[in-house]
Amino acid sequence: MASGVLLGLAAAICWGVADYCMRGATHTVGPFRSLYFMQVVSLLALGLLVAPWLRPSFAGASPSAIAATVGLSLVIMVGAALLYRSFHIGVLAIVSPIAASFGAIAAGLALLSGERPTALALIGLALALVGVILSGMAPATPHASGESGARRRLLGPGVLEAIIATLLFGVAYWALRYVVADLGSVQVAVIGKATDFAALTLVVLGGWAARRWLPTPAFAQGSAAAAALPLAPRSGAFWLWLIPGALLDVSANLAYNFGVAGALTSVVATLSSLFSAVTVLLAAIFLRERLTRIQWAGVALILVGVSLVNL
């Protein structure tokens with residue numbers, strides 16, 4: 001259990017700093033290219049730094065476990081894409097605590113699947129849920145009107161994306177424990193990053209083919225089409241944000257996988273979800289992001305809630 005606690009906390013610290021770094025990357029070149037090159041750097045790190053040391057083997061791996069890992073990896077990647085979009089358009093100190101609630105979802109599913117809940121754990125899950133609602137409430141803006149105005153008053157920029165990402169993360173990270181038990185922690189990380197890279201590369205190739213062979217409306221009307229951005233960003237600032245963010249993210253994934261392999265998912269997932277405390281602290285110090293009192297109350301409830309699940 002002690003190792004599970006340490007690995008959960010290690011995942012939280014790595015994810016918290018990684019989210020702060022990826023916020024900088026997405027603000028430099030956008031969410032998609034940040035997500036794509038994050039997989040490139042992560043695969044290089046796994047192949048050059050982790051694999052020679054831990055020597056993962058896929059001998060005897062069942063096709064069903066590999067297929068399940070591929071599916072879960074795609075779910076997590078979609079969640080990551082939504083989360084990075086929320087970093088790009090929203091306030092980091094708001095969307096990060098919402099994403100942290102994935103731990104409460106994963107812990108709740110683990111409890112329902114056989115891990116015995118305590119009264120404090122149930123209270124913690126309820127507090128986290130209330131915290132998600134409060135932390136996502138943006139103050140009303142003077143330009144809000146009609147239906148869109150009501151939506152802006154209830155959900156700030158990036159909040160909806162963060163909530164969907166949280167649901168996807170919660171289910172996928174709960175299910176990871178089953179494929180980790182079958183394949184191994186490093187193997188699951190390698191398959192996951194390779195799957196993400198392959199899927200995103202197909203998106204890139206599909207977009208290139210569509211632009212190359214299918215005329216855009218502007219082109220069909222005789223006007224010049226906008227020039228495509230190069231895939232590889234030339235901004236040095238982007239790489240300064242992305243490389244540490246990708247290395248920390250893959251470190252967090254490995255810590256989480258090793259954690260659920262030897263400890264209760266409810267413990268590791270809950271402690272891992274404390275990454276928002278790290279991200280919010282960094283955002284407050286370096287980005288000067290300010291929250292309303294209700295939003296701070298929501299952040300506090302999330303942090304208290306995910307802490308109580310572990311008691």
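Predicted model: local features only at pLDDT ≥ 70, side-chain atom pairs only at ≥ 80, totals over all residues.
Student: How many cavities of 30 Å³ or more does the structure hold?
Tutor: The structure holds one cavity of that kind. About 410 Å³ of space lies in the largest cavity.

Student: And which residues are closest to its centre?
Tutor: The lining of the largest cavity has 26 residues, and the closest to the centre are Ile76, Tyr173, Lys193, Asp249 and Asn253.

Student: Which elements give two or more residues to that lining?
Tutor: They are α1 (2-29), α2 (31-54), α3 (63-89), α8 (159-183), α9 (185-213) and α11 (236-262). The largest share, six residues, comes from α3.

Student: What is the lining like by class?
Tutor: By class, 17 lining residues are nonpolar, five are polar and four are charged.

Student: Tyr173 was mentioned; which residue does it form an edge-to-face aromatic pair with?
Tutor: Tyr173 forms that pair with Tyr256, at 5.1 Å centre to centre and with 75 degrees between the planes. The pair links distant parts of the chain, since Tyr173 is in helix α8 and Tyr256 is in helix α11, 83 residues apart.

Student: Are these two buried or exposed?
Tutor: Both Tyr173 and Tyr256 are buried. Ring pairs also link them with Trp15, Phe102, Phe169 and Phe275 into a cluster.

Student: How many aromatic pairs are there?
Tutor: The count comes to 18 aromatic pairs.

Student: Changing topic, why is helix α12 largely enclosed by the rest of the structure?
Tutor: Eight of the eight residues of α12 (residues 265-272) are buried, so the helix is largely enclosed. Among them are Thr265, Val267, Val268 and Leu271.

Technical notes: Residues numbered from 1 in each chain as written. Heavy atoms only, no water. 1 Å grid on protein atoms, 1.4 Å probe; cavity = no way out; pocket = protein on both sides within 12 Å on 5 of 7 lines; lining within 4 Å. Points joined across faces, edges and corners; volume = space filled by probe spheres on them. Helix = DSSP H or I, 4+ residues; strand = E, 2+ residues; numbered from the N terminus. Nonpolar A, V, L, I, M, F, W, Y, C, P; charged D, E, K, R; others polar. Buried < 20%, exposed > 50% of the residue type's maximum accessible area, 1.4 Å probe, protein only. Phe/Tyr/Trp six-rings, centres within 6.5 Å; stacked < 30°, edge-to-face > 60°.
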